[in-house]
Amino acid sequence: MRRHLNVYLAFFVILLILLISIIPVRLAIASYITPHPQAIFVLGGGLDREKFAAQLAQYYSELDIWISSGVAFYESQRAFQAAGIPQQRVYRDYSATDTVTNFTTLVDDFQQRGIHHLLLITSDFHMPRARAIATIVIGSQGITFTPLAISSNQPKESTARIVRDIVRSLIWVVSGRTAANLNPNYPSYAFRSI
């Protein structure tokens with residue numbers, strides 16, 4: 001019995017190593033094929049992120065803007081209207097409950113639309129965790145990203161939070177589940193409105 005358990009564990013570890021080793025290759029291919037961003041992706045967490053995205057969207061007039069669990073719809077709408085960005089360029093999804101699900105809830109949409117390179121916007125304190133998750137979740141799906149951090153006065157997130165979400169991202173790659181219940185703030189509901 002113990003021998004079978006060791007064989008299964010070894011098989012799982014080898015499979016995980018193979019999956020992880022494929023990610024840098026997929027990121028390199030995506031960067032080579034699509035060296036320029038195709039969309040702006042904003043992680044929810046404050047109006048400042050959406051205002052920055054609206055200003056950036058003025059410069060990148062050909063890019064659509066994707067917002068995952070951002071501020072209230074009307075606040076967001078006002079920010080983009082003030083910047084002169086047409087609402088048909090802005091996709092809002094409110095189904096994510098945390099940073100891991102910011103990525104996992106939209107990765108299929110990005111793939112369906114042939115998006116292989118994102119401008120990733122979040123606050124500077126949050127960027128290390130966002131980059132780690134993005135590398136695993138969207139990188140495993142052949143989508144690369146260019147991070148753009150917004151300055152804040154908040155301290156960087158703890159290494160424990162980053163490690164926790166790396167593990168959750170790996171669980172998603174293997175199982176398709178995010179283990180969102182590992183997040184102590186996980187609500188029992190979520191909704192989507194694109």
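I take two strands to pair if DSSP finds at least two bridges between them. I note at the outset that the model is predicted.

**Entry 1: strands β4 and β5.** I looked up strand β4, residues 117-123, and strand β5, residues 144-150, and found them joined by seven bridges. The two strands run parallel. As one example of a bridge, I recorded T122, whose partner in β5 is A149. I then followed the chain from β4 to β5 and found that the path passes through helix α6, residues 127-137. This β-α-β crossover is right-handed.

**Entry 2: the sheet.** I asked in which order the five strands of the open sheet stand. The order is β3-β2-β1-β4-β5, and the pairing is parallel. The edge strands are β3, at 90-93, and β5, each of which pairs on one side only.

**Entry 3: strands β2 and β3.** I next examined strand β2, residues 64-68, which is joined to β3 by four bridges. These two strands also run parallel. Within this pair I found W66 opposite Y91, the latter lying in β3.

**Entry 4: helices across the sheet.** Which strands does helix α2 lie across? I found that α2, residues 47-59, lies across β1 (39-43), β2, β4 and β5. Its direction is at about 140° to β4. I recorded helix α3, residues 73-82, as lying across β2 and β3. Helix α3 runs at about 160° to β3.

Technical notes:
Residues numbered from 1 in each chain as written. Predicted model: local features only at pLDDT ≥ 70, side-chain atom pairs only at ≥ 80, totals over all residues. Heavy atoms only, no water. Right-handed = clockwise from strand over helix to strand, strands pointing away. Contact = heavy atoms within 4.5 Å. Axes fitted to C-alpha atoms, helices over the stretch in contact; angles between N-to-C directions.
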